[in-house]
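Take a look at the model below. This report walks through its ring contacts, its confidence and its cavities.

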Amino acid sequence: MAKSDALGQFEQLVLTAILSLRDNAYGVTIHEKVSELARPKTVSPGAVYITLDRLEDKGMLSSWLTDPTPERGGRAKRCYRLEALGERALQESAETAKRIWETVAEVLGSGRRPKWNPVRPK
Amino acid sequence: MESGPSEVILRAVGRLIPAACREEVLGDMRERCGSTREFLGEASHVVPLVIVSRVRRTSDPLLLLMDAVMAYTAFFTATWWLERSVLYSEWGLIRLAIPVAGMLLALVLADAYSDPKKRWPGRPLLGVVLGTALAFASQLALGPWALPRVAMIWGAGMAMLLVSTMRMMFPPAADQAQVAKIPAFWVKLDAVSLGLRRPAAIYVLLVVAAVVGFAVARLWR
């Protein structure tokens, strides 16, 4: 994967949110979903906008404006969709995370909570 | 009972958001916030980040560097001919950079706030005119650090001419025709990948740098 295609943790969260929201992915819902995924950390909506712009510039997302709605004061929504490049990058990130988890589970034992158990010097 | 932020506040905050993303950002904030107080709280941390993101998308460091070199050359030349003693004074060359910095700030903000949907022939010059105004405004606040008025007037005139010529030759990404609403950032990458603008821009920079270097060398001989 080229360096520019590598995803940061926050970018992974935003792409995951868009993937799970399907056709209803716009600023408000993406921010809600990212906040849910990033718990207990709080997420600023501004950070979500910056990341959406950056991912769109990288070609991982595409966006379009919908019709205006009354609950938004007659303003349109910008909806986002994952592009093939974004899907691939997210899949690779998920595979890396899976490998990390498998290694952690192997060392600490799967199915139980990781415990702090240092080896004491004799 | 309050049903949402007041329309006056919405419009005022909307003016601060760059035109290219005003519709969706303002709509999202309206949907998220139930009161004017909540809306203002959210706007205080969302709007600066939206502006930064738009500046990142619309500004090209190489073009800005060219604009800076052109404007500095204009002020340097005007001071050289009209008030040469300023150049020999302590911090003389730094004093020349202050109006240039004001001009660049205005250019960056004008690019970020330009509306991609509205196109008119004078748009490339708007940033230059605002930049010149900000350069003059910066002089009012400087007191003893301000450039002599005659050097400032001639320098600003030449800077306007050079920078607007430069921006017509190498238009910023925000001013180029956008096909199928693609982001300005892609237009910027596309123009660079064509291999047309970047080498030409570098040649112009080299020539101007050589002229300025020659003048500075003569000054201290």
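Are B:Phe76 and B:Trp80 buried or exposed? Both B:Phe76 and B:Trp80 are buried. Keep in mind that this is a predicted model.

**An aromatic pair**

Two values describe a pair of aromatic rings: the distance of the centres and the angle of the planes. Over all chains, the count is 1 aromatic pair. The ring centres of B:Phe76 and B:Trp80 are 6.5 Å apart and the planes meet at 15°, so this pair is stacked. The cut-off for stacked is under 30 degrees. Where do B:Phe76 and B:Trp80 lie in the chain? Both belong to helix 4 of chain B, which covers residues 61-82. They are 4 residues apart, about one turn of the helix.

**Charges over rings**

The charged end of B:Arg84 sits over the ring of B:Trp80. Chain A has a case to look at too: A:Lys77 lies over the face of A:Tyr26. The table gives the distances.

| Charged residue | Ring | Distance to ring centre |
|---|---|---|
| B:Arg84 | B:Trp80 | 4.0 Å |
| A:Lys77 | A:Tyr26 | 4.4 Å |

**A buried threonine**

Now move to helix 3 of chain B, residues 36-58, where B:Thr36 is found. Why does B:Thr36 count as buried? Its relative accessible area is 17%, and buried means under 20%. The side chain of B:Thr36 also has a polar atom 3.3 Å from the backbone nitrogen of B:Ser6.

**Confidence**

How far does the predictor trust chain B? The mean pLDDT of chain B is 80. Of its residues, 82% reach 70 or more. Within chain B, helix 3 has the highest confidence, at 91. The lowest is in helix 9 of chain B (residues 184-193), at a mean of 56. For the model, ipTM is 0.79 and pTM is 0.77.

**Cavities**

How many cavities of 30 Å³ or more are there? The count comes to 3. The largest cavity has a volume of about 60 Å³. Which residues line the largest cavity? Among them are B:Thr58, B:Ser59, B:Asp60, B:Asp111, B:Arg167 and B:Pro172. B:Leu63, B:Leu64 and B:Asp67 are also in the lining. Helix 4 of chain B gives the most to this lining, with 3 residues. The stacked pair of B:Phe76 and B:Trp80 lies in helix 4 of chain B as well.

Terms used: Residues numbered from 1 in each chain as written. Chains lettered and ligands numbered in written order. Heavy atoms only, no water. Phe/Tyr/Trp six-rings, centres within 6.5 Å; stacked < 30°, edge-to-face > 60°. Helix = DSSP H or I, 4+ residues; strand = E, 2+ residues; numbered from the N terminus. Buried < 20%, exposed > 50% of the residue type's maximum accessible area, 1.4 Å probe, protein only. Lys NZ or Arg CZ within 6 Å of the ring centre and 35° of its normal. Polar contact = N/O pair within 3.5 Å; in protein donor to acceptor, adjacent residues only side chain to side chain. pLDDT = per-residue confidence, 0-100. 1 Å grid on protein atoms, 1.4 Å probe; cavity = no way out; pocket = protein on both sides within 12 Å on 5 of 7 lines; lining within 4 Å. Points joined across faces, edges and corners; volume = space filled by probe spheres on them.
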